Amino acid sequence: MINGERTISRPLRWGMIGGGRTGQVGYKHRTGALRDGTYQLLAGAFDLDAERGRDFGTKLGVAADRCYATYQELIAGEAGRPDGLEVVSIATPNFTHYEINKACLEAGLHVICEKPLFFTVAECEEIEKLANENGLIVGVTYGFTGHPLVHQMAAMVNKGMLGDIRIVDMQYTHGFNAGDDVGAGEAVRWRTNPKTAGPTFVLGDIGTHLYYLSEIVLPHMKIEKLLCDRKAFIPTRAPLEDHATVLMHYDNGARGRLWVSSVDAGNMGSQRYRFVGSKASVEWSDSRPDQLIYEVQGEPNRTLHHGMPYLEEESLAVDRMGALHTEGLGDSWSNIYLWIAQAIDAKNRGDEAFLKTHHYPGISAGTEGVRWLENCVRSADAGSAWVDFK
Ligand code: NAD
């Protein structure tokens with residue numbers, strides 16, 4: 001169980017680029033980072049609007065002279081200080097990720113970046129090389145993948161409790177873009193423009209969460225082929241999609257399907273996962289994150305609750321709240337930030353043996369998400385044809 005006891009020798013000197021007052025995801029980063037004494041928020045270039053960013057930063061407790069107008073000023077200003085930053089989180093729109101990652105890594109800063117990491121796998125590979133050459137960690141924040149019941153599913157699959165995995169069924173949908181974009185705010189405008197969002201809208205925005213979570217639960221299974229059908233129900237969003245269905249063939253013969261949509265009218269937002277094996281199935285949804293449905297063929301169905309001693313040790317080890325209290329998204333983000341802090345600490349100490357066995361969403365998690373998106377787009381653009389996964 002995680003109880004807030006510090007697991008690295010001192011807090012990391014941490015800053016943020018983006019995630020300002022009006023940003024959607026910034027507070028989730030701070031919720032994750034500032035929980036276990038592993039990060040100290042010391043500087044930021046929080047906002048495109050420099051004045052608003054400075055005002056916001058000081059209200060977060062950051063010194064005014066360390067609230068910078070741009071990320072370039074942040075890098076230059078912090079480089080000159082004996083107590084300068086060592087790790088930066090990037091919570092800005094997708095099209096800025098690559099250039100900000102590159103600049104931070106060149107300046108010797110570890111990076112924690114939002115998904116989708118970059119536009120292309122080639123960019124991911126270039127950034128991975130740069131990080132490796134400079135001895136730095138790149139972490140990626142897939143929100144719910146630190147939840148104890150996600151790790152319960154992974155442990156059950158790993159221990160053969162479901163038998164051979166046959167079917168993967170996933171959904172992440174909401175209805176918040178069911179109407180058109182007239183008068184839409186900044187976060188919708190950049191998400192629906194290929195110049196700022198990249199080659200996808202909902203596939204990258206929410207589909208990558210499904211894909212990475214399935215990689216955690218099914219690390220032994222690789223996609224061999226996929227077929228993606230995507231559509232913009234609101235025509236102004238084309239060529240980007242606001243709805244997509246993906247079919248997947250895995251190398252063990254399993255079949256997968258998922259759908260992602262932001263035009264699922266009336267749906268307030270839900271991700272749902274069902275992994276079906278030859279003996280049993282598990283099903284988990286973020287609308288009831290404390291519960292895992294475990295169904296064994298021929299037996300009464302069971303509902304497993306987080307934090308209970310009957311769970312696997314892999315799940316109990318990352319539980320924070322204990323069984324009596326609900327555990328959710330903020331707790332999951334804290335686990336992700338903790339694991340990345342432990343990776344940065346090990347990298348700083350040159351402890352490669354620790355890094356070999358330590359689980360955290362690193363650059364390969366970001367790269368595989370972008371690779372999956374590239375394959376989806378290739379399939380969709382070929383008229384929803386089956387394509388070999390490469
Ligand atoms: P947003 O438009 O709501 O907020 C972006 C923030 O970044 C704003 O504060 C803006 O002023 C600031 N900003 C933009 N460009 C900047 C720059 N060059 N320098 C400094 N600050 C800058 O966007 P959002 O919804 O918060 O999304 C940001 C990123 O987070 C995207 O990549 C998105 O895909 C991702 N995201 C991830 C999750 C998750 O669960 N992991 C959830 C939401 C968004």
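Q: Which residue has its backbone oxygen 3.3 Å from a polar atom of the H306 side chain?
A: This is a predicted model, so keep in mind that every value here is computed from it. H306 is found in the loop between strand 13 (302-305) and helix 10 (313-316). Setting aside neighbours within four places in sequence, its contacts include D319, M321 and G322. The backbone oxygen at 3.3 Å from a polar atom of the H306 side chain belongs to G322.

Q: Is H306 buried or exposed?
A: H306 sits in a loop, but let's go by the numbers. Buried means under 20% relative accessible area. H306 comes in at 2%, so it counts as buried.

Q: In strand 3, what is the bridge partner of W14?
A: Strand 1 also pairs with strand 3 (residues 87-91), in the parallel sense and over 5 bridges. Look along strand 3 for the residue bridged to W14, and you land on V87.

Q: Why is strand 1 largely enclosed by the rest of the structure?
A: Strand 1 runs over residues 12-18, which makes 7 residues to check. A residue needs under 20% relative accessible area to be buried. Strand 1 is largely enclosed because, of its 7 residues, the number buried is 6.

Q: Which helix gives the most residues to the shell around the ligand?
A: The ligand is surrounded by 27 residues, and the closest are Q24, N94, E114, W190 and R191. Strand 1, helix 7 (186-191) and helix 9 (202-217) each supply at least two residues of this shell. With 3 residues, the one that gives the most is helix 7.

Q: What kind of peptide bond joins K115 and P116?
A: P116 lies in the loop between strand 4 (110-113) and helix 5 (121-133). Most peptide bonds are trans. The bond from K115 to P116 has an omega of about -20°, and it is cis.

Q: Which residue does a cis peptide bond join to A238?
A: Look in the loop between strand 7 (223-231) and strand 8 (243-250). The cis bond there has an omega of about 10°, and the residue it joins to A238 is P239.

Q: What is the phi of S384?
A: S384 lies in the loop between helix 13 (363-381) and strand 14 (387-388), and it is partly exposed, with a relative accessible area of 22%. Most residues other than glycine have a negative phi. S384 is not a glycine, yet its phi is positive, at about 60°.

How values were computed: Residues numbered from 1 in each chain as written. Predicted model: local features only at pLDDT ≥ 70, side-chain atom pairs only at ≥ 80, totals over all residues. Heavy atoms only, no water. Buried < 20%, exposed > 50% of the residue type's maximum accessible area, 1.4 Å probe, protein only. Helix = DSSP H or I, 4+ residues; strand = E, 2+ residues; numbered from the N terminus. Pairing = 2+ DSSP bridges. Polar contact = N/O pair within 3.5 Å; in protein donor to acceptor, adjacent residues only side chain to side chain. Contact = heavy atoms within 4.5 Å. Near = heavy atom within 4 Å.
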